[in-house]
Amino acid sequence: TEGSGWEGSYDGDFFRDEFSGNGRYTYSDGTSIEGQWLDDVPRDGDWSITYPDGSKFYGFATFQHPEERTVSSDGSSSTRGGLVSTRSREYLRVPLPHGYGSLTYPSGQRFVGSFVYGEYSGRVGKKS
């Protein structure tokens with residue numbers, strides 16, 4: 001939507017011309033994310049993320065990262081270094097796996113377990 005700070009294509013629910021409800025967003029680089037939105041803002045929770053290399057993550061993800069969090073002074077929408085800013089809040093454009101989930105690479109290698117801000121901390125397995 002105009003002024004939302006998002007660039008790409010969205011297929012999903014809208015409320016008052018904003019992304020709201022379940023939706024799938026695809027970036028120009030091919031990354032796609034699917035999960036819950038509210039007022040043009042992706043909500044932390046269960047997400048499906050497909051990366052350009054074909055890797056797929058399913059599980060809990062966050063759009064907040066403590067090292068990159070700042071507050072917009074004027075409340076306007078803007079994009080800066082992987083962050084989207086709207087309504088005096090900034091969040092990551094692509095969520096970080098944060099909690100339980102699985103990450104599968106095109107080779108079949110699979111990581112299942114806990115993730116902390118995108119870093120894997122569980123066990124490694126191979127798809128049979």
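Q: With which residue does Glu34 form a salt bridge?
A: Opposite charges on side chains can pair when the charged atoms come close. Glu34 forms its salt bridge with Arg24, and the closest N and O atoms are 3.1 Å apart. The term means a side-chain nitrogen of Lys or Arg within 4 Å of a carboxyl oxygen of Asp or Glu. Glu34 sits in strand 3 and Arg24 in strand 2 (residues 18-26), so the pair ties together parts 10 residues apart in sequence.

Q: What kind of model is this, and how are residues numbered?
A: This model is predicted, with local features needing pLDDT of at least 70 and side-chain atom pairs pLDDT 80 or more, while totals for chains, interfaces and linings use all residues. Numbering starts from 1 along each chain as its sequence is written, and side-chain values use heavy atoms, leaving out hydrogens and water.

Q: How many salt bridges does a search of the whole structure find?
A: The search finds one.

Q: How many helices and strands are in the chain?
A: Count DSSP runs from the N terminus (helices: H or I, at least four residues; strands: E, at least two). The chain has zero helices and 13 strands. Glu34 belongs to strand 3, residues 32-38.

Q: What share of the chain is buried?
A: Buried residues make up 41% of the 128 residues.

Q: What share of the contacts with a separation of 6 or more joins residues 24 or more positions apart?
A: In this chain, that share is 31%.

Q: Where is Asp40, and what is its phi?
A: Asp40 is not a glycine, yet its phi is positive, near 70 degrees. Asp40 lies in the loop between strand 3 and strand 4 (41-42). At 6% relative accessibility, Asp40 is buried.

Q: What is the phi of Tyr117?
A: Tyr117 has a positive phi of about 45 degrees, although it is not a glycine. Tyr117 is in the loop between strand 11 (109-116) and strand 12 (119-120). Tyr117 is partly exposed, at 31%.

How values were computed. Buried means under 20% relative accessible area, exposed over 50%, partly exposed in between (1.4 Å probe, protein chains only). Contact means heavy atoms within 4.5 Å.
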